[in-house]
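Reader: I'm new to this one. Can you walk me through it?
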Amino acid sequence: MRSAARAARDTETEEDIMATSTTGGSADAAPRVSVLGLGDMGSAIARTFAERGYRTTVWNRTAGKAAPLAEAGAAVAATAAEATQASPLVVVCLLDTAAVEQVLASLGDAVEGRVLVNLTSGSPAQARGHARWAGEHGADYIDGKIMGDPPYVGTPNIMFPFSGSREAFQAHEAALKELGTIAYHGEDAGAAAVEFMAQVAVGYELLIGFLHTLRLVRAEGVDAEEFTGRVAASMAGYPPLLESMAKAVKTGEYGPDLGSLNVQAALMDDMISHRESLGVEAVRMREVKRLMDRRIADGHGDQGFSSLFELLPPRG
């Protein structure tokens, strides 16, 4: 039995075939997409669709933001529900989850038979909640996250992880590929948010450590730009290390990556005292030393840095 969204996609296909046969392939046969939310990112998404031949309908709470998209050929809807009814594929790109929930509440039955693609930042739990809401209102749901900036929309230099309805993703994969490099992470609607938050977390952890290190380097009178060039050159060695650490975590077999903890712990004392002598924050280094000391005390001093994972239990 076809889902409501599947039926809508089939109807769209039949309408397009009829339009093509009667117009000889006119613009009326182009695929339709609606975009709800016209901030910098939403506008870039809508413009990409419009410039690539999609019959694009847009809506924004502040109507004036739609004017540039109208000039680019998009139709402007008076309400979010009207925009939703205009297309089988509805892309939502708003400021936050609170805004998404306000807009969803205004849609009512307009989403029935549609595929809802939410690109707004949010948690895995929120994505799963939106998927339940969509299902209760007769729509298919795809959650997506954006890893890049508005100028890169429509190029390979921006990434979109997606998760949710596999059938809906496959049906609209070509349209989603217009936006950038995409990846599907499975039917769990929260999986794309997991990927996004984990990737961003790695970036923030790396970058705050980098800024603390630049403070250290400058305090010693070393040119920060020259130092950064050397660090950048050394980054090529990290992918194999990360892969070996992930394998160790998965298997529980911890070799002496970066050397044994017995050796590394002695180095940490030097790093902490060096930072503290210059008034540079050493909170991360002290955390690492504390974990190393615990692991060594437990009889695992011959293992490597990856074994510290065993001391990082999930919080209850």
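Reader: What is the bridge partner of S34 in β4?
Author: V90 is the partner of S34 in β4. This is a predicted model: local features need pLDDT of at least 70, side-chain atom pairs count only at pLDDT 80 or more, and totals for chains, interfaces and linings use all residues. Residues are numbered from 1 along each chain as its sequence is written, and side-chain values use heavy atoms, without hydrogens and water.

Reader: How many bridges join strand β1 to β4?
Author: 4 bridges join β1 (residues 32-36) to β4, and the two run parallel. Strands pair if DSSP finds at least two bridges between them. Strands are DSSP runs of E, at least two residues, and helices are runs of H or I, at least four, numbered from the N terminus.

Reader: And what about β4 and β5, how many bridges there?
Author: Also parallel, with 4 bridges from β4 to β5 (residues 115-118). V91 stands opposite V117 in β5. From β4 the chain crosses through helix α5 (residues 97-107) to β5, a right-handed β-α-β crossover. Right-handed means clockwise from the first strand over the helix to the second, with the strands pointing away from the viewer.

Reader: Which way do the β4 side chains point?
Author: L89 and V91 point one way, V90 and V92 the other. All are buried, meaning under 20% relative accessible area (1.4 Å probe, protein chains only).

Reader: New topic. Where does M235 lie?
Author: In the loop between α10 (224-234) and α11.

Reader: Buried or partly exposed?
Author: M235 is partly exposed, because its relative accessible area is 33%, and that class lies between under 20% (buried) and over 50% (exposed).
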